[in-house]
Every structure is written in structure tokens, then in C-alpha cells.
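Let's walk through this structure together, one part at a time. Have a look at the whole first, and then follow along below.

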Amino acid sequence: MSSSRSSAKPAFPDGGRARAWLDAVQIRFAAWLRRRGPVHPPLTLGYRQIYILPTRFGWLVGLLLFAMLLGSLNFNNNLGLFTTFLVAGIGLLSMHIAHRNLDGVRVAGCVPGQAFAGDSLELSISLRDTRDRARRGLVVESKGLPPAAGVDLPASASDETILSIPTRDRGWMEIPRIRLRTRHPLGWFEAWSWFWPEHRVLVWPRPADQAPPLLTAGRSDSRNRAGDESDEFHGLRDWREGDPLHRIAWKASQRHQHLLARQFTRPERDRIILRLADAPGRSLEDRISILVRWVIEAERNEFEYGMELGTTNIEPGAGRAHSVRCLNALGEFG
Amino acid sequence: MIGALSPTTVVLVVGAFLFAALPHLAAMPPWLAVIIVLAAVWRAAVEAFELRRPNWLIRGFLTFGGLALVILHYGTFWGRRAATVLLCVMIAAKLSEMFRLRDARVVAALGYFLIATQFLFSQKLLLFAYLVVGCALVTAALIRIQRDADSAPAPAKNFPPTAAGAASVVRDGFLLMLLAVPFALVLFALFPRLASPLWGMPENALDGRTGLSDEMSPGNIANLFADDSPAFRVSFDGPPPPRSERYWRGPVLWRFDGRTWRRLFYSNRAPERTPRPGPGAFAYTVQLEPSERRWLFSLDYPVRAPEDARLTADFELINKTPVTTLMSYDVISQPDFRDSVDLLQTMRRFALLLPEDSNPRTRAWAEELRSRYPADDRALIDAVLAWFNREDFFYSLETAPLGRHSADEFLFDLRVGYCEYYASAFVVLMRAAGIPARIVTGYQGGFWQAADEYLLVRQSDAHAWAEVWLEGQGWTRVDPTAAVSPSRIRDGARSAVSGSGGWLSSEWLYQLRNQYDRLQNLWNRWILGFDARRQQNFLASLGIDKLPPGLKAALLVVLAGLVLVPLALLLQSTTNGRARPDRLDRIWLRLRGRLRRAGIRPSIGETPLELAGRSAEDLDNGHELITLADEYSRLKYGAFGSAKAINAFGRKTDRWRPRRRNPSALKQS
């Protein structure tokens with residue numbers, strides 16, 4: 001966990017003065033937002049967190065209304081005026097409804113999944129109604145990303161929605177500011193709230209498409225090739241809790257009136273040590289990618305594997321948790 | 001975000017458009033209306049029955065063909081009718097390529113605009129229903145579109161999007177619209193009006209359905225007689241004038257070319273002398289329906305012109321601009337006045353002018369009359385009127401057109417006609433006899449709405465009469481029609497032709513129309529006639545007219561806000577809040593209501609079965625109640641709550657009435 005790669009946002013190639021100034025403004029704006037109230041989930045959206053503005057369609061309708069108003073006023077057309085005012089009233093009500101639709105929604109949690117660089121990270125956001133009101137069309141989005149599907153919440157219910165965030169580079173990634181918005185009921189006004197998930201997510205390096213075969217890669221310190229459990233049937237023993245179902249010898253069990261499990265000779269699992277130095281490749285990133293591919297292969301083949309990454313050593317092991325540990329180490333490396 | 005339109009949405013948008021376009025469709029040429037309706041219905045059918053979408057060829061034809069048809073028929077895109085028809089055509093064309101949310105939104109929002117444009121043509125009371133329903137439907141369509149936008153691309157995991165069927169969306173649309181009404185009313189009352197328009201009104205707005213024209217050739221106001229719509233309404237400050245004096249003066253016609261009577265340019269001068277208001281004068285307010293003409297109507301003789309109008313030498317009132325919206329004006333008329341005691345020599349010449357070589361028989365008859373009454377014009381006129389009355393002249397709207405010698409043909413051959421025929425022939429006869437004469441057109445009579453005290457003058461009350469200039473008396477009104485058909489003047493045009501034709505509806509319908517007009521009158525006065533002037537008066541009556549403008553604006557905002565807030569809260573409890581009880585629950589709630597009325601109060605937290613068990617003790621038919629409660633629980637929580645079962649349960653439950661056990665019997669047991 002040495003130097004974390006701070007941002008997943010692509011750095012702008014032209015770091016002009018205007019850009020810097022804009023960044024400064026955004027940072028100040030973000031700070032201002034944070035001062036206004038809680039911004040990290042879990043939070044309940046209230047008056048101070050909800051912003052509302054007309055949508056583009058809303059402006060268009062406004063323009064239409066203005067035209068109607070001018071025309072009606074000019075021709076002293078009272079029914080035309082009434083129509084204009086009626087639609088304006090509907091618009092104001094819709095603004096209010098949009099605000100109420102967000103008010104009292106609780107962003108209960110925001111749990112990121114895991115992703116290899118270049119894949120999208122699934123952020124699961126759970127929303128709950130705290131005011132005993134049905135909510136309609138709550139949409140979660142983040143700048144530059146396609147919005148997640150809208151959520152309808154029945155009164156007092158909760159639901160979750162998944163926002164896909166693309167990743168680019170391996171390493172620690174800040175989850176960008178997330179926007180919960182609604183345009184219910186007419187789409188003339190958009191009410192929204194911002195929140196920052198506090199998590200940072202470690203993005204794993206992208207596995208190489210092509211990697212040398214695993215066995216030649218690791219310096220195997222085992223004698224045999226990987227044992228396949230169906231290979232060498234050894235005998236039967238009493239069934240113990242934890243034995244997988246498919247190992248139960250049903251016919252034999254029937255004969256002996258109690259459950260028996262098949263036993264295999266388990267030649268020592270192949271133990272491989274994956275070393276960065278063994279991975280071919282021109283750059284560090286290429287070699288890390290190959291290592292990732294190896295980890296995935298090893299995991300698939302149920303090898304026992306360890307890893308030597310510069311100063312980090314991971315003892316051989318297997319299983320999901322082990323692979324996550326390895327991948328995390330690779331993600332942070334460098 | 002680009003989402004997909006669902007079939008329900010498309011059907012709703014098409015429905016809202018068709019409703020908003022309804023009055024426009026009725027006013028445009030039928031074949032164009034049929035094309036628009038077909039295009040719209042087809043688009044809905046494509047979605048509803050999953051037909052093939054219209055291809056570019058058809059869409060192109062709709063757009064450009066529609067444009068071509070409009071220009072062919074109207075010759076222009078300017079003018080209100082052509083423009084709105086074009087709008088309808090374009091929306092219909094847009095419908096055929098409406099595959100995206102954005103397009104649907106634009107189409108729906110234009111629905112509001114389409115509704116508002118209709119009021120450029122008519123603002124009848126009935127159209128208020130159109131306004132309200134139309135706005136609700138358009139709003140419903142917009143709600144549905146937004147539902148589509150939110151549910152794209154895939155529904156969320158646990159709860160699929162709330163069912164947004166057409167019915168529930170339309171209900172929401174109506175609710176939203178209804179709640180906006182008070183806000184609209186406040187704005188309507190307080191929003192400042194323009195005292196004068198910013199730009200002019202395009203000509204020819206009323207589809208050629210115009211009032212009295214400024215020329216007359218016998219036969220051309222006949223179409224007005226068939227028009228039963230109101231021309232204007234008059235409310236008097238004092239008692240109304242007697243029936244026989246209700247001559248509403250319009251254009252005065254001098255020039256005659258043998259067929260057509262026209263105005264004289266010299267008439268546009270200002271009058272040399274105007275009457276003085278005084279005893280015997282009538283003060284009244286006229287509420288004039290839009291006519292596309294500049295004529296204002298008044299009783300003889302208006303003292304001065306209303307604002308923005310002028311008074312001519314012939315005592316016509318001419319407005320500055322054509323009357324295209326309902327307008328009201330105040331007039332004072334003084335009947336006791338002598339118009340032009342001295343007739344200028346030029347005017348006298350014009351008043352005697354007749355086309356050469358025409359009407360020889362009339363001229364001969366005039367000479368004969370003149371020789372009989374050499375000096376006495378009055379006696380001559382009386383003799384003519386008596387002659388009209390004596391001979392076989394008939395008043396009828398069904399008559400023949402006249403040829404070159406129109407007066408000859410009418411006086412000696414045809415002898416069947418209506419006011420224009422009589423007035424025209426009479427004036428020709430007078431001029432031939434050397435008496436200066438002219439024709440006055442306008443309206444005569446009107447229906448007195450006793451309950452609301454106003455006089456309703458219809459287009460069918462249009463009339464033409466004559467004025468002759470008499471030494472010492474000036475221009476004097478003579479109505480030859482009255483000599484032929486006194487009832488025409490006494491009881492109106494309707495009575496004069498009753499039985500002769502079916503151009504007016506039956507008596508009760510006529511009465512009904514009169515009743516309806518009373519509502520229309522109130523509507524006109526309070527809603528349509530609410531202009532800058534009336535608004536000032538209204539504000540003055542509230543005592544807020546003296547406030548500085550900034551404060552007034554603030555007041556407007558505050559009031560509007562005050563109206564809106566409680567409404568929004570109300571809305572919360574209905575649309576956004578809990579779902580309303582479903583059918584099963586409503587059945588049970590009705591039953592609970594009956595129990596409550598029978599004196600059994602359900603307590604909080606009591607289940608239906610507990611309630612039934614408790615109240616069964618007090619009821620004769622308590623066991624039935626227990627059965628019902630049992631069934632309710634099974635339908636509600638079991639797996640068998642089919643619509644059919646619920647219906648059956650509802651029928652059974654709604655028939656059931658609690659019967660209290662006789663208290664005395666209870667005591668004895």
C-alpha cells in the first residue's frame with residue numbers, strides 16, 4: 001500500500017491555466033457542498049441536500065408558456081391566459097413534487113464490487129424511503145456515466161440500484177461524486193442530491209490476454225502434476241460433515257446403512273510461486289498483467305500458489321480469499 | 001438518456017393530441033381533418049398492434065403533402081386559421097416519426113399550445129371544458145413519458161416500476177390540473193393586463209363567419225338570419241327602451257349602383273352637431289361578440305364615441321381596429337335629436353342619386369305619387385307605407401334574387417322578401433319621388449333576459465331600414481318592413497317567419513338557448529370581459545390598486561404561493577402517498593361503515609375476524625358477519641383473490657346489513 005494512484009479520472013493532457021482555475025472552482029464547490037451537511041452515505045436527504053432546477057425540456061416548456069402569455073396578453077385573450085396560468089400552475093406543482101420525491105430518501109449504503117482495470121465497477125446503492133411515501137423514478141448517475149435504471153420505491157420500502165463505473169488504471173480509485181436525481185412527474189424539473197461514497201476501491205490490474213502457460217512459469221517445487229480427484233480412487237471412509245455431496249458413495253452407503261464418502265489419494269497440490277521476475281514483458285504493467293492472468297489460471301486449476309512481488313511475499317494458498325489477497329497486492333504494487 | 005416509448009405512452013400522446021386538436025379539426029376542411037386523424041390513429045395502432053412503423057416515404061409524404069394541402073387550401077401560412085391548421089398537420093407528421101422520448105415530449109407539450117390557440121377563434125363557455133380536459137390529458141401524457149424515461153433501460157431489481165396504466169396516469173393528470181386551478185385563478189385575477197396590444201391582430205381570423213358587412217345587396221344578409229349566435233348583449237343603466245325603439249344602428253348606406261348599396265366617403269366626417277345627454281337618454285353597456293368588422297352598434301343617436309372609436313356624420317360608431325375579441329363599450333344615446341336639420345347641397349345630391357335607366361316603373365309610380373302629394377313629403381311616405389300594407393306584400397326569407405331593375409321587380413312582380421328588399425325598394429322609390437333617402441343597416445329588437453336584465457341581440461336580428469330627410473325634421477327613420485310585417489318589429493325576426501321554414505329550431509330548444517345564453521353572458525362578463533379596466537376596478541374594490549407596482553408584484557407572488565402550498569400538501573396525500581385502498585379493502589371499509597352506523601365501533605388494531613367475533617354477539621345475523629370476515633381474510637391474504645372471487649364477495653357483502661339484536665330480548669334472556 002505504498003503510493004496509491006490517486007484518481008481514476010484521466011488527467012487532462014493540456015493542463016492549461018483555465019483548467020487549473022476550473023479545478024480550483026470545483027474543489028471549492030465540493031467543499032461548499034460538504035459544509036452544507038452530511039454527504040457520505042448513509043445519509044437521509046433533506047432540505048439542505050436537495051437542489052432543483054428546470055431541465056432542458058422544462059426550459060422549452062417555459063419558453064412555450066412565455067409565448068402563450070405574450071400572445072394571450074396581446075390579444076387580450078382571457079381563456080388563452082387562463083390556459084397559460086393553468087399550465088404554469090401545473091409546472092410549479094411538478095417542481096414541488098419533484099422536491100418532495102427526493103426529500104426523506106435515505107441513501108442507506110453504497111457498496112462497491114470489484115473490478116479489473118478496464119472493466120466496470122458495480123456500485124450497489126441502496127435507497128430507502130423514510131417518510132412513508134411512495135417514490136418514483138429515482139435515478140442514480142455520475143458525471144459522464146450513463147445513469148442507472150430508475151427505482152420506484154413503495155412507501156417505506158427499500159431497494160437497490162446498481163451504477164456501473166468504468167475503470168481505467170489499476171490501483172486505488174476514488175469513487176466519483178454520485179448524483180441521485182428525479183424528474184418525476186413531468187420531466188420539467190430535476191431535483192438532485194450529491195453524495196460521496198467514502199470507500200476507495202482497489203482496482204485490480206487487467207489480466208493479460210496472452211500469458212505463458214502456468215507450469216513453466218512457476219518454479220514448481222512439487223513432484224507431480226496437479227491431481228484430479230477423480231484420478232486415483234483410494235477407498236471409502238465414514239462421511240463427515242463438510243464432505244461434498246458428490247463424494248458420497250451412495251451405493252456403498254446403502255449397503256453399510258450409513259453414509260460413506262469416497263476418498264482419493266491426494267497428491268500434494270502443485271505449489272507454485274508466482275514471481276514478477278518470471279513474467280515476460282516489456283514493461284512492469286505488462287508483467288503485472290501476466291501475473292494476474294496466472295493468478296486467475298492457478299485459481300481455476302485449484303493450484304496452491306504463492307507470490308513474490310518485490311518485497312511482498314505471499315505464502316502459498318488457494319481459494320477466493322487468497323486470490324483476492326494476491327490481486328490486491330498486484331493492484332497496489334509499485 | 002434516450003429511452004424507448006412504451007405502447008401505452010404512444011396511445012396516450014396520440015389521444016391527448018387528438019383531443020387538443022378537436023376544435024381545430026372541426027374547423028378545417030374535412031379531407032385535411034381526415035388525413036390528420038388517420039395519421040394519428042395509425043401511429044397509435046402501430047404501437048398497440050405491433051404493426052410495421054411508417055417508413056420514410058410515408059413520413060415524407062405526410063410532411064410535405066400536408067404542407068402542400070394547407071397552402072393549396074388557404075393560399076398562405078399566415079392568418080390564424082392557416083397557421084393553426086399547419087401546426088396540426090405538422091404535429092400529425094411528427095407523430096409518424098415519434099420514436100424517441102424527446103419527440104413524444106415535444107408533441108405532448110405542443111398540445112398545450114394547440115389548446116391555447118383555439119381561443120383565438122372562440123372563447124365560448126363550452127370551450128372551458130375543452131381547456132380543462134385537454135390540459136389534463138396533455139399532462140397525463142407527459143407524466144407517462146416521464147415514467148418511460150425513468151424506467152429505461154432495465155427495471156430495478158426488487159420492484160419493477162410501479163404500474164402506470166393509462167387510467168391511473170390520466171387520473172394523476174386530472175388531479176394535477178385540478179390542483180393548479182386555484183393558482184391559475186389568482187394569477188388570472190391579479191396578473192397585469194395590457195391596456196393596448198403590442199402588435200396587431202392578423203386579419204381574417206373568424207373563418208369568414210363575420211357580422212354585418214358594410215355594403216348591402218338585397219339577398220346577402222340572408223345567411224345572417226340563419227345564424228342564431230349572439231351578435232351583442234346590452235345591459236342598460238335604467239329601463240330598456242320599448243321594443244319598437246330598439247333599432248341598433250350600424251353602417252349607413254348611400255350609394256346605389258342598381259344592385260348594391262355602399263357607404264359614402266363623406267359619411268366619415270365628424271358630425272356637425274351631437275345630441276346632448278339629458279332626460280330621455282339611455283345609458284348602456286354593449287358587449288360585442290367578435291365580428292372582424294369595425295362597426296359598433298348603438299341606439300339612435302349616440303352622444304359620443306366610446307374610447308378607441310369614432311362617431312361619423314351618419315352617427316355610425318367605427319372602432320379603431322376590427323373587433324376580434326369580445327369587447328365591451330359604454331354608450332349614451334339620446335333619441336330626442338334632429339339629425340341634419342340643414343342638409344348640405346352635396347349630401348342632398350347623393351341622397352337623391354339613382355342609376356340612370358333603371359327601374360322605369362318605380363320612377364313612374366313615384367311621379368304619380370308626387371303629383372298626388374305635390375308638397376307634402378310626409379303624406380307621400382304614409383301613402384307608400386299604406387300601399388305596402390294594403391297590397392299583397394309578404395315578409396319571407398325565402399325569396400328570389402332580383403335582376404337589373406330591382407325595385408321594379410320587387411314592387412310590382414315579386415312582392416315577397418325581407419327587410420333588405422323592402423328598404424332598398426323603398427329608398428329607390430323615395431329618391432325617384434325627390435325625397436332624400438338612405439339605408440341604415442344594423443340590428444333590430446333583441447331578446448330581453450328578464451332574470452339577468454340584459455338584452456340579447458342575435459345575428460338573426462340583423463335588419464335594414466330607411467331614413468328619409470324631411471324639411472325641419474332632418475333624417476327620420478322609416479321602416480317599410482314594419483308596414484308589411486308589424487310582428488317582425490314587435491316580436492323579432494323569428495316570429496315573422498315562424499311556420500314558414502325550419503331555419504330556427506323548435507320552441508323549447510330556443511328557450512334552452514336563451515337560458516344557456518344567460519350563463520354565457522355571466523361568463524363573458526366575468527371571465528372573458530376581464531380586461532385591464534375591469535381588473536383595475538376589481539383591484540380597487542379590494543383596495544390594492546394604490547400600492548406601488550413592486551409591492552403589487554410581491555403580493556401576487558405571495559398569494560399564488562399561499563394557494564399552492566396547501567394544494568401541494570393535499571397532492572402529497574393523494575398521488576404520492578399511500579396507495580388508495582384496493583377494491584377488496586373498499587368493500588370491507590363499506591361494511592365497517594355500516595357497522596359503525598349500527599353502533600359498533602371498530603377499534604384500532606382490530607383484525608376483521610376479531611371485529612366480526614366481537615360484534616356477532618350484538619347482532620342477529622352475526623354468524624353471517626363472521627363468514628364474511630373469514631372470506632375477506634382468505635381473499636386478502638390467501639392465494640385465491642381472483643377478480644371474480646372479489647366481485648362475488650363484493651356483491652354478497654354489499655347486500656349484507658347488520659341487524660341488531662333486540663335489546664329487550666337481550667335483557668330477558
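We begin where the two chains meet: 59 residues of chain B are in contact with 50 residues of chain A, where contact means that the C-beta atoms of two residues, placed from the backbone, lie within 7 Å. On the chain B side, the elements that each give two or more residues are α5 (101–118), α6 (126–151), α7 (166–190), α17 (507–528) and α19 (549–576) of chain B. The largest share, 12 residues, comes from α6(B). By class, this side of chain B has 41 nonpolar, 10 polar and 8 charged residues; Ala, Val, Leu, Ile, Met, Phe, Trp, Tyr, Cys and Pro count as nonpolar, Asp, Glu, Lys and Arg as charged, and the others, Gly among them, as polar.

A word on how to read all this: the model is predicted, so local features need a pLDDT of at least 70 and side-chain atom pairs count only at pLDDT 80 or more, while totals for chains, interfaces and linings use all residues. Residues are numbered from 1 along each chain as its sequence is written, and chains are lettered from A and ligands numbered from 1 in the order in which they are written.

Now to chain B itself. Its secondary structure comes to 24 helices and 17 strands; helices (H or I, at least four residues) and strands (E, at least two) are DSSP runs, numbered from the N terminus.

Strand β3 (residues 247–253) of chain B runs antiparallel to β13(B), joined to it by 5 bridges, and two strands count as paired if DSSP finds at least two bridges between them. Here R249(B) has G442(B) as its bridge partner. β13(B) also pairs with strand β16 (residues 462–470) of chain B, in the antiparallel sense over 7 bridges, with I439(B) opposite A466(B).

Next, find helix α3 (residues 56–74) of chain B. At 1.5 Å a residue, its 19 residues should span 27 Å, and its end C-alpha atoms are 27 Å apart, which agrees; the expected span is 1.5 Å times one less than the number of residues. Its buried residues are L62(B), G66(B) and V70(B). An α-helix has 3.6 residues a turn, so residues three or four places apart point the same way. The buried residues of α3(B) pack against α2 (30–48) and α4 (80–96) of chain B. Just after the helix, G75(B) takes a positive phi of about 80°.

Finally, turn to chain A, where an open sheet of 3 strands has the order β14-β15-β16, with mixed pairing. Its edge strands, each pairing on one side only, are β14 (271–275) and β16 (312–317) of chain A. Strand β15 (residues 304–309) of chain A runs antiparallel to β16(A), with 4 bridges between them.

How confident is the predictor in chain A? The average pLDDT, the predictor's confidence in each residue from 0 to 100, is 80 for chain A, and 87% of the residues score at least 70.

Conventions. Buried ≥ 20, exposed ≤ 12 C-beta atoms within 10 Å, placed from the backbone.
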